[in-house]
Amino acid sequence: SLPRDDSDSWLKSLVSIASFVTGSFTFSFVGRHLGPARRGTLFASFMVQVILIVIAVSLIQSGLIAESEDVVTSGHHGGKLLELIPIGLLAFQSSGSINSTRSLGFNEIPSVVITSVYFDIASDKNILAVQNVKRNRRVAGVVALLIGAIVGGWLNRSAGGMASTFWLAAGIKFAIGLGWLFWMPVRG
């Protein structure tokens, strides 16, 4: 149901991709220098992600940035460019999630893109093996993302709208970030 006169979709996609790539570089660069699997680094990474989500959702909820359909129906084209701010912030922070899974050595856990996980599950030569930790993580990740998508869809239709989904995401990331402060690394 994209609006017919939304000619800026390409710009939104470009900002999203550029912000994700910039975030990927930033999170991995900082992680490499601070120690990617250190408690403090993981805590800081998740807190930065929370702050970026909170800023994005606050801009939307405050009315400073109108939701897409409001901008299109009002004909206010300056608002379209302002929409790029939360898109960029959310794309930037999402690279922190994938950086964390990669830094911890759990490449099989989907945190951003799910299609590669579907391929990994379907092409796993040991898919039916009793003991297959990577397959189990991939399947659990797919199930968690499916549940998250359903919950997000319900929240999107609630009185809180899209903002409630982002507040929930910020809360979950905040809890995970705090968890890193108490995480005791397992030593083999």
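Predicted model: local features only at pLDDT ≥ 70, side-chain atom pairs only at ≥ 80, totals over all residues.
Residues are numbered from 1 along each chain as its sequence is written, and side-chain values use heavy atoms, with hydrogens and water left out.

**Exercise 1.** Find how many salt bridges the structure holds, and describe the pair formed by Lys12 and Glu83.

*Solution.* A salt bridge is a side-chain nitrogen of Lys or Arg within 4 Å of a carboxyl oxygen of Asp or Glu, and the structure holds three salt bridges. In one of them the side chains of Lys12 and Glu83 meet, at 2.9 Å from N to O. Lys12 belongs to helix H1 (residues 9-34) and Glu83 to the loop between helix H4 (78-82) and helix H5 (84-103), so the pair ties together parts 71 residues apart in sequence. Helices (H or I, at least four residues) and strands (E, at least two) are DSSP runs, numbered from the N terminus. Both Lys12 and Glu83 are buried, where buried means under 20% relative accessible area, exposed over 50%, and partly exposed in between (1.4 Å probe, protein chains only).

**Exercise 2.** Work out where Arg138 and Asp120 lie, and whether Arg138 is buried or exposed.

*Solution.* Arg138 forms a salt bridge with Asp120, whose closest N and O atoms are 3.8 Å apart. Because Arg138 lies in helix H7 and Asp120 in helix H6, the pair ties together parts 18 residues apart in sequence. Arg138, with a relative accessible area of 13%, is buried, whereas Asp120, at 27%, is partly exposed.
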